[in-house]
Amino acid sequence: LGADGKPMPNSIASLEKVKLGGVDQWLIIRGEDIDKPVLLFLSGGPGGSEAVRVTRFNQELEKHFVVVLWEQRGCGKSYPSINPKSDLTVEQYAADIIELTNILRERFNEKKIYLVGHSWGAIIGVRAVQARPDLFHAYVGTAQMVDVLETDKIIYQMVLEHSRQTGDTKFVQTLESQGEPPYVGTSPIQPYSTLFGREYSLYEYPNIKNEEYRRDGDLLEQMLKQPEYGWLDRIYYLLSLMNTFNIVYPQLQGIDFRLDATHLDIPVYLVLGRHDMNNPYQIPEEYFNLLQAPSKQLVFFEDSGHGMIWEEADKFHALMINTVLAETYQD
């Protein structure tokens, strides 16, 4: 809507269903001008949707891109597509990205689009770029995951040592009883949430400097207010955090992009939060140094953690508009 409260000419604000890989999945599409380049955002997870954060903190992008927020297979509004569960694989998510990209290219008359992945979304983003680099102007990996297992072991040792040093013997016992990752079984979300929840409370939340993000950045709280969600979607959202995670996360334990994704055939921008302890920057920085690409840039956001693109939204917008778009867009 414009300042007068009426729809802006040539703009788009839609919620729609598409079929990808044979199952129904949902898109939220927003842009002030449908002739602008297309940006496809891949949420973190697996099993999550970060659409509400993008619509809340990254509206500036809608002036320069047609922003497409994809509710992934088995996630959020697309939760019913969790079946067949055998299709919840990294390879299928990457295939969904490619199929969706081709739909968007045709619909908006673009030869290529931009791909932005956050955390887990940056895993499937890399896989899609490896398979079809010809579809994308550039790839932007934010909180780029590289080696899930090694990262989780670092978090485990970090939280365990902190608990020992602070005399939290009860939590030390909890961690020692569940052991070091990886976790398997029927519900690996339980030990992982115990570990990641404590990491967030110790290292992420206390270091959030942006008061707006500290107040409004909670995904669950904002999801309850999200206009694109009905009450059934909110139930789906909670179910996907558990059930889709339990299916997909154990599959990620063998991934190491330092071994099998060291060459990408498009411009690459990696964005890391200096205080990200959910994905400590040392591993993605090592990956960046190994990476071969036509051009590559590593950008540190010094005042943020895992949610850097929302904690330092202005810096992210400037990067996307003044650097990525300026350097890579071709009609």
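**Helix packing and the aromatic rings**

A: Helix α4 (residues 148-165) packs against helix α5 (residues 169-178) at an angle of about 150 degrees, and the two axes are 8 Å apart. This is a predicted model, in which local features need pLDDT of at least 70, side-chain atom pairs count only at pLDDT 80 or more, and totals for chains, interfaces and linings use all residues. Residues are numbered from 1 along each chain as its sequence is written, and side-chain values use heavy atoms, with hydrogens and water left out.

Helices here are DSSP runs (H or I, at least four residues), as are strands (E, at least two), numbered from the N terminus. The axes are lines fitted to C-alpha atoms, for helices over the stretch in contact, and angles between N-to-C directions run from 0 to 180 degrees. Helices α4 and α5 are therefore roughly antiparallel (over 145 degrees; under 35 is roughly parallel, 65 to 115 roughly perpendicular, the rest oblique). Their crossing is left-handed, meaning that the near helix is turned anticlockwise from the far one by less than a right angle.

On the α4 side, Tyr 156, Val 159, Leu 160, Ser 163 and Arg 164 meet Phe 171, Val 172, Leu 175 and Glu 176 of α5, where contact means heavy atoms within 4.5 Å.

Turning to ring pairs, the structure holds 14 aromatic pairs. Tyr 183 and Tyr 192 have ring centres 4.8 Å apart and planes at 65 degrees, so this pair is edge-to-face. For Phe 245 and Tyr 249 the centres are 4.5 Å apart and the planes are at 15 degrees, so the pair is stacked. Rings of Phe, Tyr and Trp (its six-membered ring) pair if their centres lie within 6.5 Å, with planes under 30 degrees apart counted as stacked, over 60 as edge-to-face and the rest as tilted.

Together with Phe 196, the residues Tyr 183, Tyr 192, Phe 245 and Tyr 249 form one aromatic cluster. Tyr 183 and Tyr 192 are buried (under 20% relative accessible area; exposed is over 50%, partly exposed in between; 1.4 Å probe, protein chains only). Phe 245 is buried at a relative accessible area of 7%, and Tyr 249 counts as buried at 7% relative accessibility.
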